[in-house]
Number of protein chains: 2
Amino acid sequence: MSVQTKATIASFGGKLLKLSHNASSTNCEMAFNLYLPPQTTTNPLHKVPLLIYLAGLTCTGDNGAEKGFFQHAASEKGIAVLYPDTSPRGLKIQGEDDSFDFGSGAGFYVDATKSPWNKGYKMYSYITSELPKTVFDNFKQVDPERISIFGHSMGGHGALTLFLKNPGKYKSVSAFAPIANPSKCQWGRKAFGGYFGDDEKAKWAEHDATELVKKWAGEPLDVLIDVGTSDNFYKQGQLLPENFVEAAEGKGKVNVRWQDGYDHSYFTMATFADDHVGHAARYLLA
Amino acid sequence: MSVQTKATIASFGGKLLKLSHNASSTNCEMAFNLYLPPQTTTNPLHKVPLLIYLAGLTCTGDNGAEKGFFQHAASEKGIAVLYPDTSPRGLKIQGEDDSFDFGSGAGFYVDATKSPWNKGYKMYSYITSELPKTVFDNFKQVDPERISIFGHSMGGHGALTLFLKNPGKYKSVSAFAPIANPSKCQWGRKAFGGYFGDDEKAKWAEHDATELVKKWAGEPLDVLIDVGTSDNFYKQGQLLPENFVEAAEGKGKVNVRWQDGYDHSYFTMATFADDHVGHAARYLLA
């Protein structure tokens, strides 16, 4: 698929490309950002690994690129960073723009099965297949054999579930304040009810990190998770990382760092950005 | 003057305080942000120096705090960062919200003399006097004896002029893409004409870095300036750093770094943020 370049912005020695393409899985034009670190220009034959950042509710691909500070370490380590959007846009489905936590900006990284959302709310297919294929087809400097994933909040849910559903596809996973057990929280129940309907046990469990990790049979896990102790959404019970930790027992390492006084914002991510890129780098550059 | 705390946000080990106060110089409530590095909490008796960041056209105190990544180095060095707004707000002067380059968001760090703008467009007094006094009165961890200043675009103009008009007040100055000779560019001529009227030689020259530096009689200068070679506003002749460099001949060091491919955005500032905070740190922590 062809890609349109809307802007090329210098950032930390590399280039942040503002791109878009017509995506068949989501049935609309999708904007995304791709950071190419300096190593891709100094040596055109050098291939760099790819780290995918999945953003949270209400975000686009711009928030992480502007406020996450991920390019800082990605530049140093030589890692490309992909910043996708969080949902299809402008499908003209009734109600798609009515809530911050459902529809536009809230695709939850699932393939909706319930009408009318199944007409384009296919963010699982888009992120696991169509978008990376588009990137690898158009940017030969990016190595399709080395991909890691991380994300924030709804995107932390996305990162954990995509990692757990596809053993071996991603070299590593980490998350900031992930919605770790969506079947048990208000945001997740609304989204899963809307995108899948109420057949809870089957479809919901297939996209719930806490359910998925119970069945994990891959290599021992090494998951980095940061949660701020002043995160209001944690306090509201939207994140439930404890459930994930309990469910992951015996499956490897789940390092939940409780960050004193930190909230749910991009200020938290900027602060610990180097750690998360570094976590990915240990696997991507191994 | 008393200060209202609207939010306290953890950032790079310190605290970003979102504050406001009723300012008499600008005749309205002014929002600002103050970053207190971790050194202020680990040792309450330890005083940290202050670095003032002046933002550009259309900005508030939030842009630098969210996208400049100045906290990254400020945290490490132990420097407080002050992020003021760029103009008074809501004075209900006719036309104040009509342009991006005049009125709201475009105070140009001058004290307007022309009616009706002289009713509150007193950003020079606000930044050099009222705001720092408010900070030092309310935050005893910040040392009033050690202040540096830097800024971007209109704020780069502000940083250079405030530094040059007040020998010894600021320990150092640096700028990203400053409007370095406002009397000679469209933005500056519109602003100075509006705030001062057309008495060019007197008032305009008093707030033009290129004119001011000619008369500099203080310590030899050490000014760091970054300008991107892909900065469209540079290409339009809004910045004119060459004029400043020429005028500063014999006054010390003016290090203009032409950053290849970089533009006028916060991505440029984030990339070189550590260098500018480091430049200030060499003087503030000397």
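Predicted model: local features only at pLDDT ≥ 70, side-chain atom pairs only at ≥ 80, totals over all residues.
User: How do you know that chain A is in contact with chain B, and how many residues take part?

Analyst: Contact means heavy atoms within 4.5 Å. By that criterion, 22 residues of chain A are in contact with 21 residues of chain B. The buried area, meaning the accessible area (1.4 Å probe) that two parts lose on being put together, summed over both, is about 1,700 Å² between chain A and chain B, with 66% given by carbon and sulfur atoms.

User: Which elements supply the side of chain A that touches chain B?

Analyst: Helices (H or I, at least four residues) and strands (E, at least two) are DSSP runs, numbered from the N terminus. Those of chain A that give two or more residues to this side are strands E1 (4–11) and E2 (14–23) and helices H2 (61–67), H3 (70–77) and H11 (266–284). The largest share, four residues, comes from H11(A).

User: What makes the two copies related as by a two-fold rotation axis?

Analyst: Copies are superposed by least squares on the C-alpha atoms of residues with pLDDT of at least 70 in both. Here a rotation of 180° with 0.0 Å of shift along its axis superposes chain A on chain B, at an RMSD of 0.0 Å. The two copies are therefore related as by a two-fold rotation axis. In chain A, the C-alpha nearest the axis belongs to Lys67(A), 2.7 Å from it. The same surface serves both copies, as 95% of the contact residues of chain A recur in chain B.

User: Why is the pair of Asp101(A) and Lys190(A) called a salt bridge?

Analyst: A salt bridge requires a side-chain nitrogen of Lys or Arg within 4 Å of a carboxyl oxygen of Asp or Glu. The side chains of Asp101(A) and Lys190(A) meet at 2.7 Å, N to O, and the pair is a salt bridge. Asp101(A) lies in the loop between strand E5 (80–84) and helix H4 (123–138) of chain A and Lys190(A) in helix H6 (residues 186–196) of chain A, so the pair ties together parts that are 89 residues apart in sequence. The structure holds 20 salt bridges over all chains, but the count between chain A and chain B is zero.

User: Why is the aromatic pair of Tyr262(A) and Phe272(A) called edge-to-face?

Analyst: Rings of Phe, Tyr and Trp (its six-membered ring) pair if their centres lie within 6.5 Å; planes under 30 degrees apart count as stacked, over 60 as edge-to-face and the rest as tilted. For Tyr262(A) and Phe272(A) the values are 5.0 Å centre to centre and 65° between the planes, and the pair is edge-to-face.

User: What makes the peptide bond of Ser115(A) and Pro116(A) cis?

Analyst: Its omega is about 0°. Pro116(A) is found in the loop between E5 and H4 of chain A. In chain B, the peptide bond from Ser115(B) to Pro116(B) is cis, with omega near 0°.

How values were computed. Residues numbered from 1 in each chain as written. Chains lettered and ligands numbered in written order. Heavy atoms only, no water.
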